[in-house]
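Let's take a friendly walk through this structure together. Have the sequence and the model open as you read.

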Amino acid sequence: MIALVRYMFTMMLLSQRYLAPLLLFVGLLAVLTSSDSGPLAATYGSAAGAMLVCSVWLTMALIGLEDRTHRSVVVVTAGSHLRVLLASVGTAVLWCLPLTAAGLVLPLAFGSHTFTFADAVLGTEAQLTCAVTGIAIGVVCSRLIFRRQGYALLLALILLLAALLAKGVSPVNALLADLQNASAATHLLGSTAVLLTISTGVLTVAVATTQAISVRRS
């Protein structure tokens, strides 16, 4: 599995398809947090929203790097479709980690804030929650399920809007609402950890669904 993740990470690095979502993430942070002096919880909510969009883009780009023939060779070498899919998810998570670090640091450079350890933990939990949810959307909307990328992009947009706006259903919507209304980061650490767990469950369902459909089509 480590070798697969290393291979996919290198492929993504050499393809330079990470540049567009990376620049989008930094641009959104600059626009949303520039000259901000409010509570860091709300600021990290903006960073988490940017992470959601970028993680979807990164995941779809990563899985779409290989054509069907090339991916079939990788599957045969790895021994199963599931191992390759899990490696793709692991690689997407790995790419989101430096973005998470940037999402913690850049708002401090763009604005004026008092930074605490609780803020760092909350910001990390919030961004990982959105990253995991975005990866789930990216997996479901990937080339493994959709041959025509126009349909995949349309579904990705619909799912992104649902994740942001669906009250009482989406962990991302609940997270962003909590962050906007937070008086102190320490009050949200437990509830945000629960939302991160729920997002991980959503990713598990997305991976299982994608695995079942892709194996049936292969």
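This is a predicted model: local features need pLDDT of at least 70, side-chain atom pairs count only at pLDDT 80 or more; totals for chains, interfaces and linings use all residues.

How far is the sulfur of Cys-141 from the closest cysteine sulfur? That closest sulfur belongs to Cys-96 and lies 15 Å away, too far for a bond.

Now turn to Cys-96 itself, which is also a buried residue, because its relative accessibility is 1%. For the sulfur of Cys-96, the closest cysteine sulfur is in Cys-54, at 8.6 Å. A pair of sulfur atoms must be within 2.5 Å to count as a disulfide, so this separation is again too far for a bond. As a reminder, a disulfide is a covalent bond between the sulfur atoms of two cysteines. The structure as a whole holds zero disulfides.

Next, let's look at a pair of helices. The axes of helix 6 (residues 117-140) and helix 9 (residues 189-217) come within 8 Å and cross at roughly 15°. Angles under 35 degrees count as roughly parallel, so helix 6 is roughly parallel to helix 9. Their crossing is left-handed. What kinds of residues make up this contact? They divide into 18 nonpolar, six polar and one charged.

Is Thr-129 buried or exposed? Thr-129 is buried, because its relative accessible area is 0%. Setting aside neighbours within four places in sequence, Thr-129 is in contact with Leu-175, Thr-192, Leu-195, Leu-196 and Ser-199.

Terms used:
Residues are numbered from 1 along each chain as its sequence is written. Side-chain values use heavy atoms; hydrogens and water are left out. Axes are lines fitted to C-alpha atoms, for helices over the stretch in contact, and angles run from 0 to 180 degrees between N-to-C directions. Helices (H or I, at least four residues) and strands (E, at least two) are DSSP runs, numbered from the N terminus. Angles under 35 degrees count as roughly parallel, over 145 as roughly antiparallel, 65 to 115 as roughly perpendicular and the rest as oblique. A crossing is left-handed if the near helix is turned anticlockwise from the far one by less than a right angle, and right-handed if clockwise. Ala, Val, Leu, Ile, Met, Phe, Trp, Tyr, Cys and Pro count as nonpolar, Asp, Glu, Lys and Arg as charged, and the others, Gly among them, as polar. Buried means under 20% relative accessible area, exposed over 50%, partly exposed in between (1.4 Å probe, protein chains only). Contact means heavy atoms within 4.5 Å.
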